[in-house]
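The structure comes first, followed by the description.

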Amino acid sequence: MTQMKIENRTSASKTDAADTDAAACPALAERFFFDNNGYLVLEEFLDVDHVNALLQALRRVMKHRRSLQEQELPHTGITTPMGKKSARIFYILDDDPLFLEMLDWPAIWPYVTGLLNARPHHHASDAIVEHGSDLIGRGMRWHIDGIDDGFRNLGPQIPLLQLKIGYYLSDMTQPGQGNLCVVPGSHKAAFAPNLEDLQRWGTAAGVTEICAPAGTAVLFHNALWHSAGPFSSEKGRRAMLYYAYEHPWMIASQEHWSYPSEFYNRLSPARRKLFHGFLFDPPEQRWG
């Protein structure tokens with residue numbers, strides 16, 4: 001696999017996020033790269049203290065979620081164990097205040113509104129903790145995002161309907177740690193690959209394995225072919241948060257119906273606008 005270093009920005013803490021120049025994010029060079037390659041890497045986008053706080057919260061939440069799952073107790077979201085120490089959890093906004101805070105983190109918001117929609121809606125959230133000791137030998141699982149088989153009925157070319165952002169919470173500067181892998185430019189493909197093609201992509205030239213430090217943000221198009229990479233060592237580890245956004249006229253996620261009413265009642269007026277008005281009691285009469 002090949003690696004491509006895209007962008008190296010200074011970290012954005014909460015204190016300086018308000019000073020972010022919205023007009024400069026994304027920059028023209030970033031727009032050009034995203035439009036042509038289908039993804040964008042913002043290295044060290046979150047500062048060290050912020051990453052550590054998110055990682056500690058993720059460990060607490062993972063432990064709690066796995067306990068609920070093992071006891072077969074009902075809880076918000078979906079918890080999917082993947083071995084003794086690895087798991088993926090979905091619908092994380094109500095698991096910890098830090099996770100909700102990342103939904104509209106000021107430093108990332110110009111990218112969301114600039115690349116997708118001036119009035120975006122939340123689509124989905126999830127978190128991943130993976131260990132090579134659980135997943136050594138795992139194969140590639142290439143896919144594109146979106147309902148209805150990845151919105152294929154709208155292609156070619158499949159439009160930008162969802163913008164996904166992954167945050168690296170563990171150091172991923174070396175390959176073979178389950179790193180996110182992408183096929184640059186594949187979001188513009190007129191035809192879907194067959195099964196044999198997907199199997200060959202595991203080591204084929206043209207695949208980019210995104211190797212970057214903790215705090216890096218990776219943004220990508222819903223139609224970009226991507227997969228978690230393999231683990232080359234049992235000592236490998238990956239920790240990530242994922243947030244996805246969609247256009248305000250879309251209703252493409254059941255996550256919105258999974259949170260209790262108390263969750264929506266606690267949202268600030270600005271965050272309420274990231275969800276459909278009919279989710280609130282009483283419903284809000286608005287579009288977008």
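## Helix α2

On one side of α2, Leu-28 and Phe-32 are exposed, that is, over 50% relative accessible area, where under 20% counts as buried and values in between as partly exposed (1.4 Å probe, protein chains only). On the other side of the helix, Glu-30, Phe-33, Phe-34 and Asn-37 are buried. Seen down the axis of α2, these buried residues fall within an arc of 95 degrees, so they line one face of the helix; the arc is that of the directions from the helix axis to the C-beta atoms. An α-helix has 3.6 residues a turn, so residues three or four places apart point the same way.

The buried residues of α2 pack against β1, α5 (109-115), β5 and β8. Gly-38 follows α2 and has a positive phi, near 85 degrees. Helices (H or I, at least four residues) and strands (E, at least two) are DSSP runs, numbered from the N terminus.

## Basis of the model

The model is predicted: local features need pLDDT of at least 70, side-chain atom pairs count only at pLDDT 80 or more, and totals for chains, interfaces and linings use all residues. Residues are numbered from 1 along each chain as its sequence is written, and side-chain values use heavy atoms, with hydrogens and water left out.

## The sheet

Seven strands make up an open antiparallel sheet, ordered β1-β8-β5-β10-β4-β3-β2; two strands pair if DSSP finds at least two bridges between them. At the edges are β1 (39-42) and β2 (78-81), each of which pairs on one side only. From one strand to the next, the twist averages 15 degrees.

Five bridges link β5 (residues 162-168) to β8 (residues 217-221) in the antiparallel sense. Lys-164 stands opposite Phe-220 in β8. Helix α2 (residues 28-37) packs on the sheet and touches β1, β5 and β8, its direction making about 135 degrees with that of β1. Axes are lines fitted to C-alpha atoms, for helices over the stretch in contact, and angles run from 0 to 180 degrees between N-to-C directions.

## The His-226 site

His-226 lies in strand β9 (residues 226-228). His-226 counts as buried because its relative accessibility is 4%.

The side chain of His-226 makes a polar contact of 3.0 Å with that of His-143 and one of 3.4 Å with that of Asp-145. A polar contact is a pair of N or O atoms within 3.5 Å; within protein, one must be able to donate a hydrogen and the other to accept it, and residues adjacent in sequence count only if both atoms are side-chain atoms. Leaving aside neighbours within four places in sequence, the residues in contact with His-226 include Trp-142, Leu-180, Cys-181 and Phe-220, where contact means heavy atoms within 4.5 Å.
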